[in-house]
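Subject: Structure handover

Hello,

Here is the structure you are taking over. Please look through it first; the notes on what was found follow below.

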Amino acid sequence: MRIYVLAAIALFPSFALADDYVLTLKDHVFTPAQLSVPKDTKVTITVKNQDSTPAEFESHELKREKIIPGNSEAVITVGPLKAGSYPFFDEFHEDSAKGVLVVQ
């Protein structure tokens, strides 16, 4: 099976598997506040909500929103993206939980 996947990636580079990244939300603050990812690449971001209250990951520019219950995590897939900055925030705590996805 692995050979077929590798062959598909070689023949269709846009089929490449997503890169994985982690964002942690604790005390209503994202860490890291700036997450750098490569351009033209599909990425998977695991958001770990370590607070006891729910959070809502939201980004108008990424066209994503996802409610994450307290003490749990969610996976958000984006891209491939063009170079630029894509802000995100926790809609329930916009004053403190802000970040940016920097695509280079």
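**Aromatic residues**

With a relative accessibility of 2% for Phe-57 and 3% for Phe-88, both count as buried; buried means under 20% relative accessible area, exposed over 50%, and partly exposed in between (1.4 Å probe, protein chains only). This is a predicted model, in which local features need pLDDT of at least 70 and side-chain atom pairs count only at pLDDT 80 or more, while totals for chains, interfaces and linings use all residues. Residues are numbered from 1 along each chain as its sequence is written, and side-chain values use heavy atoms, leaving out hydrogens and water.

Three aromatic pairs turn up in a search of the whole structure. Rings of Phe, Tyr and Trp (its six-membered ring) pair if their centres lie within 6.5 Å; planes under 30 degrees apart count as stacked, over 60 as edge-to-face and the rest as tilted. Phe-30 and Phe-88 make an edge-to-face pair, because their ring centres are 5.0 Å apart and their planes stand at 85°. Phe-30 is in strand 2 (residues 29-31) and Phe-88 in strand 8, so this pair ties together parts 58 residues apart in sequence. Strands (E, at least two residues) are DSSP runs, numbered from the N terminus. Phe-30, like Phe-88, is buried.

Phe-57 and Phe-88 form a stacked pair, with 5.3 Å from centre to centre and 25° between the planes. Here Phe-57 comes from strand 5 (residues 55-59) and Phe-88 from strand 8, 31 residues apart. Phe-30, Phe-57 and Phe-88 form one aromatic cluster.

**Backbone**

Most residues other than glycine have a negative phi, and most peptide bonds are trans. Two residues in the loop between strand 1 (19-26) and strand 2 have a positive phi: Asp-27, at about 55°, and His-28, near 60°. Asp-27 is exposed, with a relative accessible area of 57%, whereas His-28, at 23%, is partly exposed.

A cis peptide bond joins Thr-31 to Pro-32, with omega about -5°. Pro-32 sits in the loop between strand 2 and strand 3 (34-37). The bond from Gly-79 to Pro-80 is also cis, with omega near 0°, and Pro-80 is in the loop between strand 7 (72-78) and strand 8.

Regards

Notes
Helix = DSSP H or I, 4+ residues; strand = E, 2+ residues; numbered from the N terminus.
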